[in-house]
Amino acid sequence: MIEKEKLKKYAKLLMFDMDEEEYSTLQEEFDIILKQMDLIANIPDIENVKPMTFPFINKDAKLREDVVKDYLTTGEVLANTKHQVDDQVKIPKVVE
């Protein structure tokens, strides 16, 4: 089980404001996730299973081609920002 102090440390780094009850809920959710990961890790020959790109296989699905259409220029994007540096949007630092 993940320790509550570790969750508090990560929440602080990510600037989350959580109360004690939420930490308990988060601990329970992490416990469930870790148990599921253990179950998956114990599946025989799991290394040879091909990863899925979709949660289901549908051979009749007709996917559209990715085609570049209208797009915003750098100037148009930056016109909507308050803070810019070297043609980039400057955002507040969120992690240490």
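The model is a predicted one, in which local features need pLDDT of at least 70, side-chain atom pairs count only at pLDDT 80 or more, and totals for chains, interfaces and linings use all residues. Residues are numbered from 1 along each chain as its sequence is written, and side-chain values use heavy atoms, with hydrogens and water left out.

**Overall layout**

The protein has 3 helices and 2 strands, with helices (H or I, at least four residues) and strands (E, at least two) taken as DSSP runs numbered from the N terminus. Along the sequence these elements follow the pattern α-α-α-β-β. The radius of gyration is 22 Å, well over the 12 Å that the globule rule gives for 96 residues, so the protein is more spread out than a compact globule. Here the radius is taken over C-alpha atoms, and the globule rule is 2.2 Å times the number of residues to the power 0.38. The C-alpha trace spans about 50 × 45 × 20 Å along its principal axes.

Of the 96 residues, 6% count as buried; buried means under 20% relative accessible area, exposed over 50%, and partly exposed in between (1.4 Å probe, protein chains only). The protein exposes about 9800 Å², and carbon and sulfur atoms supply 57% of that area. Accessible areas come from the Shrake-Rupley method with a 1.4 Å probe, and for residues only the protein chains shown count as cover. Among contacts (heavy atoms within 4.5 Å) between residues at least 6 apart in sequence, 35% join residues at least 24 apart.

With a relative accessibility of 13%, Gln 27 counts as buried. Apart from neighbours within four places in sequence, Gln 27 is in contact with Met 1, Ile 2, Glu 3, Lys 4 and Leu 7.

**Salt bridges**

Side chains of opposite charge can pair when their charged atoms come close. Taking a salt bridge as a side-chain nitrogen of Lys or Arg within 4 Å of a carboxyl oxygen of Asp or Glu, the count comes to 4. The table gives some of them.

| Salt bridge | N to O distance |
|---|---|
| Lys 4 and Glu 20 | 3.7 Å |
| Asp 31 and Lys 35 | 3.4 Å |
| Arg 64 and Asp 66 | 3.1 Å |

The bridge between Lys 4 and Glu 20 links distant parts of the chain, with Lys 4 in helix H1 and Glu 20 in helix H2, 16 residues apart. Lys 4 is partly exposed at 24%, and Glu 20 is partly exposed at 42%. Lys 4, Lys 8 and Glu 20 are linked in a network of salt bridges.

Asp 31 and Lys 35 are separated by about one helical turn, because they sit 4 residues apart in helix H2. Asp 31 is partly exposed at 21%, whereas Lys 35 is exposed at 52%. In the remaining pair of the table, Arg 64 is exposed at 67% and Asp 66 is exposed at 71%.

**A nonpolar patch and a loop threonine**

Which residues form a nonpolar patch on the surface? They are Tyr 10, Leu 14, Met 15, Phe 16, Val 94 and Val 95, with about 620 Å² of accessible area together. Patches are made of residues with over 30% relative accessible area and no salt bridge, with like charges joined within 9 Å and nonpolar side chains (Val, Leu, Ile, Met, Phe, Trp, Tyr) within 5 Å. Met 15 lies in the loop between helix H1 (4-13) and H2 and counts as exposed at 57% relative accessibility.

Finally, Thr 81 is found in the loop between helix H3 (74-78) and strand S1 (84-85). A polar atom of the Thr 81 side chain lies 2.8 Å from the backbone oxygen of Leu 78, and a polar contact of 3.4 Å joins the side chains of Thr 81 and Gln 84.

Methods:
Polar contact = N/O pair within 3.5 Å; in protein donor to acceptor, adjacent residues only side chain to side chain.
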